[in-house]
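User: Hi, I'm new to this one. Could you walk me through it while I look?
Analyst: Happy to, ask away.

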Amino acid sequence: MPVCREAWESVLLTGDVGRVEIRSIYEETLDCRLVPFESDGEVSAVMIICTDITERRKADNLMIAQRNLSERLSTVSDLTEAMEACLETALDVSELDCGGIYLLDDGGGMELAVHRGLSRDFVQNVARYPTDSPVMWVIREGKPLYLQNLETPVSVRSHIFREGLKRTAILPVSCDGKAVACLNLASRKLEQIPVSARNSLEAIAASIGGAIARIAAEEQIAREQELLRNLFDLRERERKLLSHEIHDGFVQDVVGAKMLLSDIYDVSTVVSLGVVAVVLAVAIAASLIRTKMLARREPTVEGAVVQVTRGKTRHE
C-alpha cells in the first residue's frame, strides 16, 4: 500500500515512530503504528503494529452523519426535501447502494416519496403498497427486517429478483404508535447487511419519524393561523360595514327629523337651540335602534373566532 510504504520509508529515514491509518483489502480500517529498531546507530528494521478500528470509525462516522442530518432537517420545512436528506444519509452510512422512503397516504397505504439507485421499471412496480398488501402487514408490525431476496414478501419478490437485489432492509417508521413511513434499502453486492449498518439505519429511521412529526405540526399550525387570519379579516370587514351603515343611517335620521320638524315649525324656530336638541335626540334614538338591529350579525363572526380559538387550545 502506497501510504504504508511512505510511512515505513519515513521511519527508516528519520528514526521516529510513525502512525498511519489505512484501509485493508478486506475493507477493514487499520490503525498502524510503525516502531523503528536501531542497530549500530542506524534504523535496521521497522515493526508495524496494526489495530482494527473499523467499528470505531463507523461509530464516529454515524455520529457525524446524524449530527449533520439533524442540522439539515432543522432548516427544512418541505417534507420531500427532508426525506431526500434522510435517504442520502442512510445510503452513505450503511454502504448499501439503493433504496427509497414510503409515506402513508390518504388511503391507508404507502406511496413511494423519494428513491435512489433503482430502475424505472422497478419504481413503477413498487410505487405504492395498498393497505391490504403483505408489505403493509410487515410495516404495521413496526419491527425492522433484514431479508434475503427469497425471504421478501411474495407480492414484490419477482420485482426484487429482476432488479438484482441480494439483501433488503425494511425499517418501519412510527409516530405515536402508528406507522407513518417506511425506509427500504437494498444491496446488489452484499450477501449480508452488517450489524453496524443495521444500527445506522435504525438511527436514521428514528430521524425520519421526528422530521415527519415536526413538519406535520408546523403545517397544522400554519393552517390554523391562516384560518384565524381569515376570520379576523372577515370580522374587520363586517365592522367597517356596520360603521358605514350606522354613519349613513345617522345622517339620514338627522335629515329626516329636520324635515319632519320643518313641516311643524317655521325655519327660525327649527334652527333654535331647543329644537336642534330635539332633532339630535330623535336622531340619536333612531341610530341606537339601528345599531342594535345591525349588531345582531356580529355573534356569527365572534362565535366562529371563539370556536377556532377553543379548538386550538384543545389541540395544544
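User: Is E21 buried, partly exposed or exposed, and what makes it so?
Analyst: E21 counts as partly exposed because its relative accessible area is 39%. Buried means under 20% relative accessible area, exposed means over 50%, and partly exposed is in between, using a 1.4 Å probe and protein chains only.

User: What does R57 form with E21?
Analyst: A salt bridge, and the closest N and O atoms are 2.8 Å apart. R57 belongs to helix α2 and E21 to strand β1 (residues 18–23), so this pair ties together parts that are 36 residues apart in sequence. A salt bridge here is a side-chain nitrogen of Lys or Arg within 4 Å of a carboxyl oxygen of Asp or Glu. Helices (H or I, at least four residues) and strands (E, at least two) are DSSP runs, numbered from the N terminus.

User: Before we go on, what sort of model is this?
Analyst: It is a predicted model, where local features need pLDDT of at least 70 and side-chain atom pairs count only at pLDDT 80 or more, while totals for chains, interfaces and linings use all residues. Residues are numbered from 1 along each chain as its sequence is written, and side-chain values use heavy atoms, with hydrogens and water left out.

User: Back to R57, then. Buried or exposed, or in between?
Analyst: R57 is partly exposed, at a relative accessible area of 26%.

User: Which other residue forms a salt bridge with R57?
Analyst: D60 does, with the closest N and O atoms 3.1 Å apart. Both D60 and R57 sit in helix α2, three residues apart, which is about one turn of the helix. D60 is partly exposed because its relative accessibility is 30%.

User: How many salt bridges are there in the structure?
Analyst: There are nine. Another one of them joins D105 and R128, whose closest N and O atoms are 2.6 Å apart. This pair links distant parts of the chain, 23 residues apart: D105 is in the loop between β4 and β5 (110–116), and R128 is in strand β6 (residues 128–129). D105 counts as buried because its relative accessibility is 14%, while R128 is partly exposed at 39%.

User: New topic: how do α2 and α3 cross?
Analyst: The axes of helix α2 (residues 54–74) and helix α3 (residues 79–94) cross at roughly 175° and come within 10 Å. So α2 is roughly antiparallel to α3. Axes are lines fitted to C-alpha atoms, for helices over the stretch in contact, with angles from 0 to 180 degrees between N-to-C directions. Angles under 35 degrees count as roughly parallel, over 145 as roughly antiparallel, 65 to 115 as roughly perpendicular and the rest as oblique.

User: Which residues meet there?
Analyst: On the α2 side, A65, L69, R72 and L73; on the α3 side, A82, A85, C86, E88, T89 and V93. Contact means heavy atoms within 4.5 Å.

User: What about the phi of E95?
Analyst: E95 has a positive phi of about 65° although it is not a glycine. Most residues other than glycine have a negative phi. E95 lies in the loop between α3 and β4 (98–104), and it is partly exposed because its relative accessibility is 47%.

User: And D176, what is its phi?
Analyst: Positive too, about 55°, and D176 is not a glycine. D176 is in the loop between β8 (167–175) and β9 (178–187). At 85% relative accessibility, D176 counts as exposed.

User: Where is R188?
Analyst: R188 is in the loop between β9 and α7 (195–264). The C-alpha atoms of R188 and D97 are 7.2 Å apart, although 91 residues separate the two along the chain. Leaving aside neighbours within four places in sequence, R188 touches several residues, including D97, C98, G117 and E163. R188 is partly exposed, with a relative accessible area of 28%.
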